[in-house]
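Take a look at the model below.

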Amino acid sequence: MIELDAIDVSYGNIQVIWDLDLHVSEDDTVVSIVGPNGAGKSTLLRVMSGLHPVSDGRVSAWDADAATLNPTEIVERGFVHVSEERNLFGDMTVRENLEMGAYTHRNSLDDTMQEVFELFPILEERSDQLAKSMSGGQQQMLAIGRGLMAQPTILALDEPSEGLAPQITDRVFGKIEEISEEVTVLLVEQHVNRALNMAERAYLLENGRVVREDTGTGLLESDHVKDAYL
Ligand code: ATP
């Protein structure tokens with residue numbers, strides 16, 4: 001379980017997150033964080049991954065103070081973050097990119113890769129192709145596949161539909177639903193309707209604060225969400 005308790009976060013002396021509580025555990029199926037551009041969604045994922053410090057409050061990862069853990073230790077405990085930028089190694093093959101994802105679990109690499117290939121057959125078909133030669137949708141699937149190679153219990157996906165055509169987005173979301181049957185998904189999305197429909201629980205973030213927390217359907221039906229986002 002990852003828990004944010006009354007956190008403040010700043011970049012330099014500009015505060016972007018205020019007194020924020022949020023939790024996600026392996027008992028959840030899909031937890032979504034929605035909100036407008038610049039609300040602080042990606043920042044929260046960076047904080048949970050140990051990539052950015054809090055200036056106040058506490059982050060705990062499986063009961064340890066996350067401030068005492070480095071990003072690799074957070075991955076080892078089960079929290080894996082697929083960033084918005086995807087950060088693939090373009091000049092490496094699909095297979096090599098997947099292998100890089102397994103750096104914390106080298107012993108079971110082959111079995112995990114087989115599971116990833118079952119979920120994304122296109123990655124097996126293209127396994128010897130350079131990552132940069134793949135289409136946008138295929139690269140997104142590779143980024144998610146590489147995240148799964150680290151055997152997460154919580155997989156955080158930052159804007160997985162970013163830059164994808166609607167039909168491809170549908171396919172990626174179908175895969176995310178499949179993944180959520182096995183692994184908890186923490187989903188950051190600007191496609192509010194879709195992200196809330198999928199979510200068991202959801203947070204609406206505005207200007208660095210949680211303004212509502214509810215079930216996905218509860219948030220979808222709130223007047224505030226309907227008026228501002230749908
Ligand atoms: P988006 O969907 O546009 O990525 P977001 O909700 O994920 O938005 P963040 O990217 O977390 O929001 O940004 C929150 C605030 O922090 C914004 O005001 C942004 O300009 C600022 N910010 C983000 N990254 C940095 C950085 N590296 N340095 C300074 N300010 C930053």
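Predicted model: local features only at pLDDT ≥ 70, side-chain atom pairs only at ≥ 80, totals over all residues.

Start at the ligand. The shell around the ligand holds 14 residues. Gly-38, Gly-40, Lys-41, Ser-42 and Thr-43 are the closest of them. Which helix gives the most to this shell? Helix α1, residues 41–48, does, with 4 residues. Sorted by class, the shell comprises 6 polar, 4 charged and 4 nonpolar residues.

In the side chain of Thr-43, an N or O atom sits 2.5 Å from an oxygen atom of the ligand. The backbone takes part as well. Gly-40 places a backbone N or O atom 2.9 Å from a ligand oxygen. For Ala-39, a polar backbone atom is 3.1 Å from an oxygen atom of the ligand. How much of the ligand does the protein bury? On its own, the ligand exposes 620 Å², and the protein buries 59% of that.

Next, move to helix α6, which spans residues 136–149. Helix α3, residues 94–101, packs against α6 at an angle of about 35 degrees. Their axes are 7 Å apart. The crossing of this pair, α3 and α6, is right-handed. From α3, the residues in contact are Val-94, Asn-97, Leu-98 and Gly-101. They meet Leu-142, Gly-145, Arg-146 and Met-149 of α6. This contact of α3 with α6 has 4 nonpolar, 3 polar and 1 charged residues.

Helix α4, residues 109–119, also packs with α6. Here the axes come within 9 Å and cross at roughly 145 degrees. The crossing of α4 and α6 is right-handed. On the α4 side, look for Leu-109, Thr-112, Met-113, Val-116 and Leu-119. On the α6 side, look for Gly-145, Leu-148 and Met-149. What classes of residue make up this contact? The contact of α4 with α6 has 6 nonpolar and 2 polar residues, with no charged ones.

A polar atom of the Gln-139 side chain lies 3.2 Å from the backbone oxygen of Ala-131. Leaving aside residues up to four places away in sequence, Gln-139 touches Arg-86, Leu-88, Ala-131, Lys-132 and Met-134.

Key. Residues numbered from 1 in each chain as written. Heavy atoms only, no water. Near = heavy atom within 4 Å. Polar contact = N/O pair within 3.5 Å; in protein donor to acceptor, adjacent residues only side chain to side chain. Areas by Shrake-Rupley, 256 points an atom, 1.4 Å probe, with all protein chains shown as cover. Helix = DSSP H or I, 4+ residues; strand = E, 2+ residues; numbered from the N terminus. Nonpolar A, V, L, I, M, F, W, Y, C, P; charged D, E, K, R; others polar. Axes fitted to C-alpha atoms, helices over the stretch in contact; angles between N-to-C directions. Left-handed = near helix turned anticlockwise from the far one by under 90°. Contact = heavy atoms within 4.5 Å.
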